[in-house]
Structure formats: C-alpha cells, structure tokens
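Here's a quick briefing to read alongside the model.

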Amino acid sequence: MTDEPKTLTRERIAVGDMWRYADDARSLPAAVPPKTLPSEPLVPQPGQQTLAVGQRVTRPDSRNHGLGRTKYIDDLAFPGMLFAKFKRAGIASARIMRIDTSAAEAMPGVMAVLTGNEIPVNSFGPTFQDQPVLADPIVRHAGDGVAAVAAVTEQIAAEAVEKITVDYEPLPAVFDPLEAMRDDAYKIHAPNSNIYASKVVRRGDVDKGFAQSDQIFEGRFTTQMVEHVPLEPHAAIAEWDANGRLTVWATIGRITLARADLARTLKLPMNRVRLIGTFVGGNFGGKNEISQEPALALLSKKAGRPVKGVFTRNDEFISSTTRHPFIMEYKTGVTKDGRILARSVRLILDGGAYCSWSATTLGKACILASGPYKIDNVHSEAHVIYTNKTMTGAMRGFGAPQVCFAYESHMDDIAKALGIDPLEIRLRNVFDEGTSSPTGQVLHSVVVRESLRNAADRFGWETRS
Amino acid sequence: MTDVTITVNGSVRSASVPPETTLLKLLRDVFQLTGTKLGCDVGDCGACTVLVDGMAVNACLMLAAQADGRQVLTIEGLAMKDRLHPLQKVFEESGALQCGFCGPGMLLSAKALLDDNPDPSSHDIRDALAGNLCRCTGYSKIVEAVQDAARAMRDPRTEDTRQLEMHGHD
Amino acid sequence: MKSFGYVAAMDAKHAIELLAEHGAAAKILAGGTDLLVELKDTQRPPGIVVDISRARDLKDIVLTDEGLRIGALATHGEIMRSALIRDLCPALIEAAHSIGAVQTRNLGTIGGNLMTCVPSMDSGPALIALEAQVTVAGADGQRRMPLVDLFVGPRKTSLTPGQLLVEIVIPKPNLGKPAAFQKFGLRKGQALALVNAAAAFWIDDGKDAFKAPCIALGAVAPTVIRAPQAEAYLAGRAITPEAMAEAGRIAATEAKPISDFRASADYRRDLIAVLVKRCLAAAYARATAKTKERVS
C-alpha cells in the first residue's frame, strides 16, 4: 500500500478487498489427490504391513483450517446473541446462605441472571449424576459456578458477575485423598463415603505367589493433576425458541450423551433438544460431557435470545475436568532370574469434587495396573475418592498412562536391584500370543516382544553409552 | 471511543471502538475476521498471532488503537487468489493441522520466520514457534512442514519434484 | 477488560506533558505485554492509559560519547536485531532472546521490562553486570542514575508518578567488556526465570586474571542484585574453572531466594552456583574468541 490509510467515516470495506482471497483458495484442488484404496477391506495379519503405515495423512478439513475459515463456536454469531459469564465460588467447601443478584440484574445490558435453584434438575454426570450445573446450596470446589449472567456484551456480563454477592458458611474441606478415605473425614457428598467407586481384579493367589518368590519389591508412585488445555476453551451457544425447543451448538465430543444429560437437567423431552456438535478445537477427553450448556439454555429461555458462553482460560483450569492424580503402591514378587510370580497393586485416585468419568478411568487403570506381563498371581484394587478440588475425568488413556508410569518405573527398579538388563527383564515376562490377561481375556495379535526388540534395535539399545 | 483505521490484508478498514478493545477483538468482533483465534487472552498460546507491519505479535496483547495506521495481515489474507501460500499447502499435505485451532497463528508465525530467514534450521523453527502452542500434533509435523515450505519457497521447482517423489510410487 | 481512557503520546515531551496532566490516574503503556494482562484482570482500571508506543524518539539505539544509548521503547526484538548491540554488548541479546517468545519480544520493550520491576525480569542482570545507567525525565527535567537505583522492591521502582524512563545507557568504558547472560526456566520458551544471572569482567592481559568482575542475579531476591563477595573473590584471581565454580558457590550464599510453586529456595541456590559458573565461562569464551578474531 502506498496510500496512507485515511479514516473512513463509517466502518466499510474499501476496494481491493484482498481478504476474500481465502474464499477463492478454498475451491482450489486438494494439495494431495485422494488415494484410491482397495474396495475389499484388507485385514492385516500380525506382522503384516498395512497400506496406511508410512503414508502421509491428509485431512479433508485441513484446507479450511489453514485458510482460517473453519468455524468454531466462538466464530459463530446470531442476531441478538447475548454473552454469558459465570460467578465462580472461589471457596472450596461451603454452604451458600444467600445470593444477591439484584445489583447485577439492575445493570443496563444485563438480560438474565440464573442461580442454582432455578434449574429443573440440578445434577448431571456421565456415570453418577452428582454434579450441579450451579452449586445449590453446597459448594464442593472453588471452581463451582454459583450464578450465571447473560448480557449484551461480554464486558457487561463480566462486570455484572462481579456485582453478585454471595454469603457463604464455610464448611470443612478435605484435599488429600488419603485423608478423605478415613472414616472420620468430612463427607463431601454427605452422607455417602468419600470413596465413591472401587474395583478389584484378582487372579491366582498373591499370598502364595509372594511366599514362593525369591525377592519382593515394593514401590510407591504418584502423579499430578493435569489439565487438557485444549487451545479452544469450552464454548457453547444455546437458543431456546418460542416453541419451547432448544438448540445447542457445543464443543462436545459425545453429543448423544450430552443431549440426554441436557434433556434430563432441563426436564425436557429428548425430542425438544437439538444438539449440534461443531468443530472442536482440541478435546483430549475434557469435552466429553456437558458443563455450562444447561445454564446457557435457561439463560436463553429467560432472555428470549441466543446465549453464547466461552470459558476463560481461568475457567478452563478450575472448572473443567482434569486428569486424576494417582497414588500407586506396587508390590512384586520375583524369582532370582527376574520372572514375576506375584504382583499386588493398590491405586488411589484423587477424584476431585464430582465423578465425571472417574468410574471409567478407575476400571481401565485397575485392569491395566499389572502391566503387559504374564503374572499368575495378581491382585489389583483401585478406589476413587472425593476431594474438594477441581473434578477429574476423562483424559487420553483413562488412567492407563498413570499406571504405565508406575509399573514401568517399578520394573526398572527391579531390574536394577537384580542386576538384569531392563530390556531383558521385560522380555522374560511380557505377554505372548494367546496369553490371558489378569481379567481372563485371551489376547491376540500380541507383538510386545517384537516391538520391544525392534525399538531396541532402532535406537541402539545394545550400543548405548 | 477511539477511531482506528488499519490496513487489513490490503484493505483499508476503519472502526470506532472503546479504548479497551484489543486488536484481536477488533479483528474478530468488528471486522468479522474470525480466523484469528482467542486461546488464552494473555499472550501465552499464540492462537491470536497476526503480522503487524510484517512482525508476528499477539493480537490479544495489543490495543486496537496501537495498530492505528498500520498494516495487519491475518490468516484470511495469507492465500493468493489463485494459489495457497506454500505454508498452507504443505501444512495441508502433511497433516500438520489436526484440530486446526492453533493453525492460523502457527502459519503466520512461520510466515514471519520464512520472510526473515528463508533457510531455517529445525532449531530456528522451534525458536520462532515457541510462542505458538499446539496440543494435537506434538510439533514434529509442524517443524517438518515449515522446512518443506521453506524448501519450496527457495526453489519453486523443487515443489513439483517433491510432488512427483511423493506420488510417483502410487 | 474494564473501560479506561486512552491517549497516545507522539514523543517523549508529549508523554511527559500527558503524565503531568493526568497525574496518578495515568498508566503508561509501552509494549503492553505486561500491562494488558494486568488490565484484563484488574478490579480497578486506571483512569487513562498513556500510550507511548508511538514515541519514535524513545526507540533509538545509538552510540554516543557517553556510551551506548538504548531508547526505553526499543523492543526485545529490535535489541536482538541491533548490529551495535551484537558488536558491543552481545549479552543483552542473550537476555532479550530469553524473554517470552517472538510475538511478545516484538511488542515488549526493554524499558517496560525494567519498569515492571519483577525480580525475575530478564533485562536486569545483563544491564547491571555492565553497570548501566538510566535517564529519567519528568516535568522538572531529566536526571541520570545507576540502573540499580531504579529498583526498590518487587513491582516497585524509585520513579514517582509523572516520571518516565527515557533511556538506558551502557557506559563507554564497559562497551566490549566480555559478558554473558544465563537463564534457567521450566521450559525454553515463554517461561519465567527460576534464576537468571549475568557476569562481566575484563581479562588482565599480563596475568590472565579477572579484572573488574561484575556479577548480577535475578529472581533470587526482592530485586535484581549484585554479588559483591563473589566479585571480590574473583578480582585479581587467575582465570580457572575452579575459580569460576567457587565464585558461583559464593554468589549462592549472597542471594535470598524464596520457595514458591516454581522452585524451592535450595534448588534456586544450586542454580545460582551453576549459572554464575556458566556465565563466567561463556564470557571468557567470548573474550578469547574475540582475541583470536583480532589476531587472525
């Protein structure tokens, strides 16, 4: 541009209009022509290379991603659309005595305010329905929403949220899962125990196995809480139309489940709820259930306008699910030559304030806890515990990464103590074709041994310095 | 209200906005150029990266008023009428975009790098993209894609050769 | 973000007039990388933001009779690309490079970084190791002071409302003084320093000994500090790896690091010892490389 830009009297598009080039580029031919795959589905045999391996992957939606044309929720706007913001408790454990929303409601531009007592069925969750849409009256973690506001701009909604005052009666809180397991611990979902799900996997007789072992090793491993940090925060738009039908656009991976949960919390027949799953800017397990959607729906019902809610990055950390911190106690009996005779595992999962996908995580972690090793005597038990912290839920692997970290670290410790090469001790114990897992599943296409050998060859295990 | 006139992707555009409006809000909410994303709003994730006078900046950390009179390139202006930018082409071919949310910022940071350094090492690329977080790819495909694009941009002929190499065995 | 007023200053003089006019209600916007984050989070926005980012006369990097003058508005990116700085005080480039990432380095300014006065700032140690001076201007004129006197405590400088940091000057005698900067963060990009450090010294040619050593440490005390005991230990001592390591150990005893969620005080003390040693070694390597260059 040679001309100095001059102020235009109204917002308008000047000639030149280069920003539309992206529209033209959209219809250019695909960079890589689609591959013709054989019409007969090829079932690869163990060890056989499939057609997919080694091929570059191109995604049909990449073109729009690269042009900036993909519409994620926050890129959508509807006429009259309002913006929602949530008041977070900021206290880990309390009883709400009083919420005063009058100052917020009086603000120009605020179209609707919502509190927990206005939600038809104020509970949801993929396994247990133990999580409120907005806390009422018990707050169980600092990220609990206690009220929501819809206003004509995000800025007004945020200022209105600050004008809401809440009186709390602080309640005892428990943050450590081991403390929370004790009988005298404060019951987060009174009167129930804080241990909200357990699983045991038993095979053979571990006591006998330990008795027969030459040596017994014990190890304790812990992992921390992890947030998914999808680049796109949780976002949704809800529109409650004049016929009493609800349409929700949401960044949710499991739309049928979300639809059922929405219908339940709102006491609507399922056929009145339309849920549109949009492009998701990263899920990783953190967007597998509803969160703010029922509140947005009710705000829309009250205001008669579509309502958009986008989590702030802060909301994302304190009010969306996270990966469970694990406390893992391993005990393994081995022969002198490193064969595992018995293994007992105890897993304590810090479940946070609500269940979310904890039961699934617990199950998978417990089943996988003894590792890909042939062990005749196994006892794995796992418990997930309520604490007054951000809820934990699904995250890639559902507990498998945590136990993998523990059993592989434990194997290294054992190998070191026995003076056996870490690769060798694994080869002496790993699953083979037809091995039955601790839960009795007979395994096929097992290539652990080959994979380990290949990997060791590739990175030069023998010649490492 | 503050009057702001910027040249976006070659077009002169004006708006009168409250002073606290960031460049990101101006682009997304006023000019409806939603390709630029809001990820963290504090300059950590790079999803809002745009080029201002050719330099990569976080649009969330700049007031719209600061951009007054300047040239802004957003992802919507990266392609040419008849062809994709080599970066867009290579990112598309090589699966460097998965969920795509980091893509616009990543591509513009990579463009700023290649404008300045046509032959970057893998370390240079990682350094230049350190301000762009991606949670899907693990970055290796992105780094490779930037190298491929750099190669193509240095010598347009190699682009065609590489295509042949890639598809010759089909 | 809450609403606030906005006014853009055209140059330093205009900025000072605006600051005088608006008094305590004014908040200065330089690069904005810290200020905007603060404004997005604050309950009490300033009455007016005085945007000095257009004041061209605060941006120059020039060599004068006094030394190297770096305008307070020079961005970290501009410092990294400056041929003068590359030639005369490359440790500043190491420091600038360690800040944030490309996008924040293109916005953030050296003056803004100093004025945040956070203990972990990366611009501080290298400048202090080179005994930088700063010029401060206000309605009542300009004054020059050592950079160390700018820092009062965490997020607190000695400037009063209405005053503006105008420039940083590396004194002429220290131009070309071998120096290096090291930082340890939890990752390489976008991370605050757990500890950062810089060291500068001349080589006493006849004896291959440390001459006029200067060591500065960041993130280990309420402000960026010098390590006078380590400096005294080195002065006049033969340049050996052992002496460098010992200086690091002494420096570690001079700091008052805290434990926080990023690192424990003990870990920070270990880092000081290592980083000081590495700074000294890197500065020495830089000096010998330069000598070789001159010889050949």
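How many residues of domain 1 of chain B are in contact with residues of domain 2 of chain B? The count is 15 residues of domain 1 of chain B against 13 residues of domain 2 of chain B, where contact means that the C-beta atoms of two residues, placed from the backbone, lie within 7 Å. Keep in mind that this is a predicted model: local features need pLDDT of at least 70, side-chain atom pairs count only at pLDDT 80 or more, and totals for chains, interfaces and linings use all residues. As for labels, residues are numbered from 1 along each chain as its sequence is written, while chains are lettered from A and ligands numbered from 1 in the order in which they are written.

**Confidence in chain A**

- Chain A has a mean pLDDT of 92, pLDDT being the predictor's confidence in each residue, from 0 to 100.
- In chain A, 90% of the residues reach 70 or more.
- Residues 1–20 of chain A are another story, with pLDDT below 50; the model still gives this stretch 37 contacts beyond near neighbours in sequence.

**Chain B: two domains**

- Chain B splits into domain 1 (2–77) and domain 2 (86–165), with bounds that come from an automatic or database domain assignment.
- Between the C-alpha centres of domain 1 and domain 2 of chain B there are 23 Å.
- On the domain 1 side of that contact in chain B, strand 3 and strand 4 each supply at least two residues; helices (H or I, at least four residues) and strands (E, at least two) are DSSP runs, numbered from the N terminus.
- Strand 3 of chain B gives the largest share of that domain 1 side, three residues.
- By class, the side of domain 1 of chain B that touches domain 2 has nine nonpolar residues, five polar and one charged. Here Ala, Val, Leu, Ile, Met, Phe, Trp, Tyr, Cys and Pro count as nonpolar, Asp, Glu, Lys and Arg as charged, and the others, Gly among them, as polar.

**Chain B: the sheet**

- Chain B has an open sheet of five strands in the order 2-1-5-3-4, with mixed pairing; two strands pair if DSSP finds at least two bridges between them.
- Strand 2 and strand 4 (55–58) of chain B are the edge strands, each pairing on one side only.
- From one strand to the next, the twist averages 40 degrees.
- Strand 3 (residues 49–52) and strand 4 of chain B run antiparallel and are joined by four bridges; one to look up is B:Val52, whose bridge partner in strand 4 is B:Met55.
- Helix 3 of chain B packs on the sheet, touching strand 3, strand 4 and strand 5 (71–73). Its direction makes about 35 degrees with that of strand 3 of chain B; axes are lines fitted to C-alpha atoms, for helices over the stretch in contact, and angles run from 0 to 180 degrees between N-to-C directions.

**Where chain B meets chain A**

- The contact takes 51 residues from chain B and 44 residues from chain A.
- Strand 1 (2–8), strand 2 (11–17), helix 2 (86–93) and helix 3 (103–116) of chain B each put at least two residues into the side that touches chain A.
- That side of chain B has 23 nonpolar, 18 polar and 10 charged residues.

**Chain A: domains**

- Domain 1 (179–226 + 322–420) and domain 2 (431–465) are assigned in chain A, and their C-alpha centres lie 22 Å apart.
- Eight residues of domain 1 of chain A are in contact with five of domain 2 of chain A.

**Chain C: domains and strands**

- The assignment for chain C gives domain 1 (5–51), domain 2 (56–174) and domain 3 (179–295).
- The centres of domain 1 and domain 2 of chain C, over C-alpha atoms, are 19 Å apart; their contact takes 13 residues from domain 1 and 20 residues from domain 2.
- Strand 6 (residues 133–138) of chain C runs antiparallel to strand 7 (residues 141–146), with six bridges, and a hairpin joins the two through two residues.
- Five bridges also join strand 6 of chain C to strand 10 (residues 164–171), again antiparallel.
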